[in-house]
Amino acid sequence: MKKIAILGSTGSIGTQTLSVIEEDDFEVTALACGNNIRLLEEQMRKFRPKLVAVWSKEAAASLRVRTADLGIPVETGMDGLLAVATYEESEILVTAI
């Protein structure tokens, strides 16, 4: 199973990537988005990544409340993007930002 992280998972390229990989042998390890926490929450519930990142602190705080039942860490800002981009379990990084 290939392990993949996606920067920009809620945008056009990111959502298309997720559509393609769900039909193959991939595990989503980490996701990052700007502020579309509604779609990121859906992706979290479907793919169960081990880490997510959101650009704004306010959006991240809201996402943490909405997804508290999942136990997935939510990082913010540039540090969050770097955490997703360098997530050790990932073998592939798609940069769609």
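Because the model is predicted, local features are taken up where pLDDT is at least 70 and side-chain atom pairs where it is 80 or more, while totals for chains, interfaces and linings use all residues. Residues are numbered from 1 along each chain as its sequence is written, and side-chain values use heavy atoms, with hydrogens and water left out.

**The sheet**

Helices (H or I, at least four residues) and strands (E, at least two) are DSSP runs, numbered from the N terminus. Two strands count as paired if DSSP finds at least two bridges between them. In general, strands of a sheet pair through backbone hydrogen bonds, either parallel or antiparallel. Here five strands form an open sheet in the order E4-E3-E2-E1-E5, with parallel pairing. The edges are formed by E4 (74–76) and E5 (92–95), each of which pairs on one side only. From one strand to the next, the twist averages 25°, where angles run from 0 to 180 degrees between N-to-C directions and axes are lines fitted to C-alpha atoms, for helices over the stretch in contact.

Strand E1 (residues 2–7) pairs in the parallel sense with E5 over four bridges, and with E2 in the parallel sense over six bridges.

| Residue | Bridge partner | Strand of the partner |
|---|---|---|
| Ile4 | Ile92 | E5 |
| Leu7 | Thr95 | E5 |
| Lys3 | Glu27 | E2 |

**Helices on the sheet**

E1, H1 and E2 make a right-handed β-α-β unit; a crossover is right-handed if, with the strands pointing away from the viewer, the path from the first strand over the helix to the second runs clockwise.

**Two helices in contact**

Two packed helices are described by the angle between their axes and the distance between the axes. The axes of H2 (residues 37–47) and H3 come within 10 Å and cross at roughly 40°. That makes H2 oblique to H3, since angles under 35 degrees count as roughly parallel, over 145 as roughly antiparallel, 65 to 115 as roughly perpendicular and the rest as oblique. The crossing of H2 and H3 is right-handed, a term used if the near helix is turned clockwise from the far one by less than a right angle. In this contact (heavy atoms within 4.5 Å), H2 contributes Ile37, Arg38, Leu40, Glu41, Met44 and Arg45, and H3 contributes Ala59, Ser62, Leu63 and Arg66.
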